[in-house]
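Here's a quick briefing to read with the model open beside you. Have a look at the chain below, then we'll go through it topic by topic.

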Amino acid sequence: MDYEKLKAYRNQCNPYAQSHGIILEELRAGYAKVVKTVQPEDLNPLNVPHGGVYFAMADNACGSAMAAHGYMAVTVNASYNFFKSARPGDTLAAEAQEVRHGKTISVFEARVTGPGGVLLGSGTFTFFQLDQKLPVLE
């Protein structure tokens, strides 16, 4: 598997992640890491990042780790726990680790951290693998 090629594809062909500044930084079998710097447009009325920022990063990291198997997949279930808030300008990281990969269903855990590795939240994401190879790998 050419993980660098797949990483480039994920960064170039994901309009949602692009528009929200989420960048896939690392990718290998069963693991992915995405990063993002908190921007003013990410903030809620409390002046902290909206919960969707953390969730989107975790889902993107897990989806990228799932893509490392070479097939298209969709999220079928997700659970996320919010522990702490980041601040404007903070760089966040979401790391995904595979828990189990089956023929069609796979489960990943994500951890979202802020500066100094402070744990901001964690989640579990379940994916359904489609019977369609990723276009970049065909």
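What is the volume of the largest cavity? It comes to about 50 Å³. Before the rest, the ground rules: this is a predicted model, where local features need pLDDT of at least 70, side-chain atom pairs count only at pLDDT 80 or more, and totals for chains, interfaces and linings use all residues. Residues are numbered from 1 along each chain as its sequence is written, and side-chain values use heavy atoms, with hydrogens and water left out.

**The cavity**

- A cavity here is a set of points, on a 1 Å grid over the protein atoms alone, where a 1.4 Å probe fits but cannot get out; points are joined across faces, edges and corners, and the volume is the space filled by probe spheres set on them.
- One cavity of 30 Å³ or more turns up by this rule.
- Lining residues (an atom within 4 Å of a point) of the largest cavity are Arg10, Asn11, Asn14, Ala17, Ile22, Leu24, Asn60 and Ser64.
- That lining splits into three nonpolar, four polar and one charged residue, where Ala, Val, Leu, Ile, Met, Phe, Trp, Tyr, Cys and Pro count as nonpolar, Asp, Glu, Lys and Arg as charged, and the others, Gly among them, as polar.
- Helix H1 (3–12) and helix H3 (51–67) each put at least two residues into the lining; helices are DSSP runs of H or I with at least four residues, strands are E runs of at least two, and both are numbered from the N terminus.

- Gln18 sits in helix H2 (residues 15–19) and is partly exposed because its relative accessibility is 47% (buried is under 20%, exposed over 50%, partly exposed in between, with a 1.4 Å probe and protein chains only).
- Leaving aside residues up to four places away in sequence, Gln18 touches Asn11 and Gln12 (contact means heavy atoms within 4.5 Å).
- The Gln18 side chain also gets to the backbone oxygen of Gln12, at 3.2 Å.
- Asn47, in the loop between strand S2 (31–37) and H3, has a positive phi near 65° despite not being glycine.

**The strands**

- S3 (residues 71–82) and S6 (residues 119–133) run antiparallel, joined by 10 bridges; pairing takes at least two DSSP bridges.
- In S6, Phe127 stands opposite Thr75.
- S5 (residues 105–113) also pairs with S6 in the antiparallel sense, over nine bridges, and Arg111 stands opposite Ser122 there.
- Five residues lie between the strands of the S5 and S6 hairpin, where Gly116 takes a positive phi near 75°.

Terms used:
A polar contact is a pair of N or O atoms within 3.5 Å; within protein, one must be able to donate a hydrogen and the other to accept it, and residues adjacent in sequence count only if both atoms are side-chain atoms. On a 1 Å grid over the protein atoms alone, a cavity is a set of points where a 1.4 Å probe fits but cannot get out, and a pocket is an open set with protein on both sides within 12 Å along at least five of seven lines; lining residues have an atom within 4 Å of a point.
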